[in-house]
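Let's take a walk through this model, starting from the inside and working over to the ligand. Keep the viewer open as you read.

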Amino acid sequence: MLGDCNPDVLVLGDDVTPAFGQQEKLVGSISMVTGGSAAITAVAAARLGLRVALVAAVGADPAGTFMLDQLAAEGVDASAVAVRDGTPTGMTVALSQGGDRAILTALGAMASLTAADVPGALLARARHVHASSYFLLEGSLGPGLAGLLAAARAAGATTSLDTNWDPSGRWGDGRLSAAIAQADVLLPNEAEALCLAGAGLADAGPAGAGGLDAAVSALVAAGPRVVVKRGERGALCADGPVRQQVSLPPVVPVDASGAGDCFNAGLIAGLLDGQPLPQAAALGCAAGALSAGAPGGTARAPAMAAAARLAALASVTSVALRRRGPVAGQGRDGRTPARGAAGSHDRERNRFGQAGGQRRGIRARGAQADMELGAGNSLVLGAQDVLVLLVGPDDVDEDPGIGADQVEGIAVGHLVDGDLARRRLAGPGGGAVGQQ
Ligand SMILES: Nc1ncnc2c1ncn2[C@@H]1O[C@H](COP(=O)(O)OP(=O)(O)OP(=O)(O)O)[C@@H](O)[C@H]1O
Ligand SMILES: [Mg+2]
């Protein structure tokens with residue numbers, strides 16, 4: 001893990017808006033906890049059972065010592081965290097009420113981290129390199145990040161990048177595009193995905209006006225797979241032309257700080273375990289949802305058993321763009337099938353956690369659909385099988401929720417490398433299962 005490492009001072013309460021004019025206000029609680037996206041991701045990954053080292057910069061002061069102690073207590077190797085004399089440790093004050101936050105950050109030593117601070121031996125033995133908070137470290141780490149990620153890849157590691165928010169509002173430049181091109185997975189939240197794409201990365205052109213789907217397509221065109229964190233709505237995975245929405249039942253957050261960082265840890269743990277992207281994202285969703293149940297980023301960061309138990313309940317809605325031979329009325333960009341081009345693509349919905357075994361009266365839930373499928377029907381699912389709802393040809397929505405009236409059939413899909421390789425079809429009410 002590479003990036004920011006600082007204490008978070010969490011201010012919680014029903015009304016945490018400061019009142020200027022030297023007024024004093026009482027709030028629910030104020031506490032100092034592990035903060036910094038990279039540090040939270042490191043702790044969350046260690047809780048999930050990964051061997052983790054953090055590379056970051058702190059000052060030679062009590063705040064820096066606090067962070068080093070927290071990392072040591074969690075089993076994170078902090079031997080490569082640089083301690084700078086004469087520069088204070090960075091610090092964040094987060095004013096948090098319900099699901100929303102206002103954040104004030106002083107960069108301090110964190111913005112002194114450069115690529116040269118990353119020990120070559122550490123890079124050489126890493127299986128995965130994750131960089132967090134690009135924009136906070138833009139001036140120091142920015143120039144060397146693309147080279148660093150490229151070196152990690154050359155040594156056999158996979159890479160990921162979570163830029164987090166850009167306080168400057170510029171949302172990057174050619175250096176960021178180069179770093180994104182060296183990331184195997186890009187991990188923005190929804191607002192960040194829109195801003196990153198809106199800045200016109202990697203010649204993809206401005207996409208901010210086209211909604212999340214257009215933004216994600218522009219980011220994928222820049223090189224990486226993209227997983228967009230969507231708060232209580234889970235995550236949207238984009239891999240080439242395939243879009244998969246991963247959802248868990250929403251929780252009422254106590255404090256969502258660090259949920260995204262815990263998500264990153266879960267996703268990385270899943271990918272390192274060899275899981276396909278949506279299953280790894282389900283593990284990320286589980287880690288994020290569990291961490292939102294307590295103040296701070298790491299208080300409830302789960303162990304692997306708890307995260308995996310919750311991840312097994314995730315539903316995955318696939319929006320697969322597939323060509324079947326020449327497509328009449330192809331979209332102007334040559335990639336997007338035009339509306340009404342029959343058979344040009346399916347919208348599918350499937351559900352992980354149901355692989356294997358006999359299922360009766362399968363129930364599918366979705367943002368817009370909650371329906372009983374084939375009551376009394378039974379389907380035998382193999383270990384690699386997932387349940388798929390086939391939805392009629394239509395343009396891809398910004399939000400791939402599916403209405404009950406759109407379902408045209410049920411299928412059992414067979415997963416190979418995270419994609420549906422073949423399907424057996426059943427009618428809408430069950431019926432005979434044929435081979436496709
Ligand atoms: N209220 C919630 N209910 C269920 N899951 C949630 C909730 N809030 C967050 N999560 C899970 O955690 C993930 C990350 O949260 P979020 O979308 O807030 O990321 P983020 O904005 O990057 O957060 P951060 O502030 O840590 O950078 C979500 O994609 C989701 O899976
Ligand atoms: Mg985030």
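A nonpolar core here means a set of buried Ala, Val, Leu, Ile, Met, Phe, Trp, Tyr and Cys residues joined through C-beta atoms within 7 Å. Bear in mind that what you're looking at is a predicted model.

With that in hand, look at the largest nonpolar core, which has 101 residues. Its members that touch the most other members are Ala-42, Leu-54, Ala-56, Leu-219, Cys-285 and Ala-286. Helix H9 is the top contributor to this core, giving 10 residues. There's also a second, separate core of five residues, with Leu-10, Val-11, Val-33 and Ala-94 among them.

Pick Leu-54 and see what surrounds it. Leaving out residues up to four places away in sequence, Leu-54 touches Met-1, Cys-5, Ala-38, Ala-39, Ala-42, Leu-71, Val-76, Ala-78 and Val-81.

Now back to H9, which runs over 277-291. H9 has 15 residues and spans 21 Å from first C-alpha to last, close to the 21 Å expected at 1.5 Å a residue. Of those 15 residues, 15 are buried, so H9 is largely enclosed by the rest of the structure.

Then there's ligand 1. Around it sit 23 residues, of which Asn-189, Lys-229, Gly-260, Gly-288 and Ala-289 come nearest. The elements giving two or more residues to this shell are H9 and helix H8 (259-272). H8 gives the most, with four residues. And what's the shell around ligand 1 made of, by class? You'll find 11 nonpolar, eight polar and four charged residues.

Note on methods:
Residues numbered from 1 in each chain as written. Chains lettered and ligands numbered in written order. Predicted model: local features only at pLDDT ≥ 70, side-chain atom pairs only at ≥ 80, totals over all residues. Near = placed C-beta within 6 Å. Nonpolar A, V, L, I, M, F, W, Y, C, P; charged D, E, K, R; others polar. Expected span 1.5 Å × (residues − 1). Buried ≥ 20, exposed ≤ 12 C-beta atoms within 10 Å, placed from the backbone. Contact = placed C-beta atoms within 7 Å.
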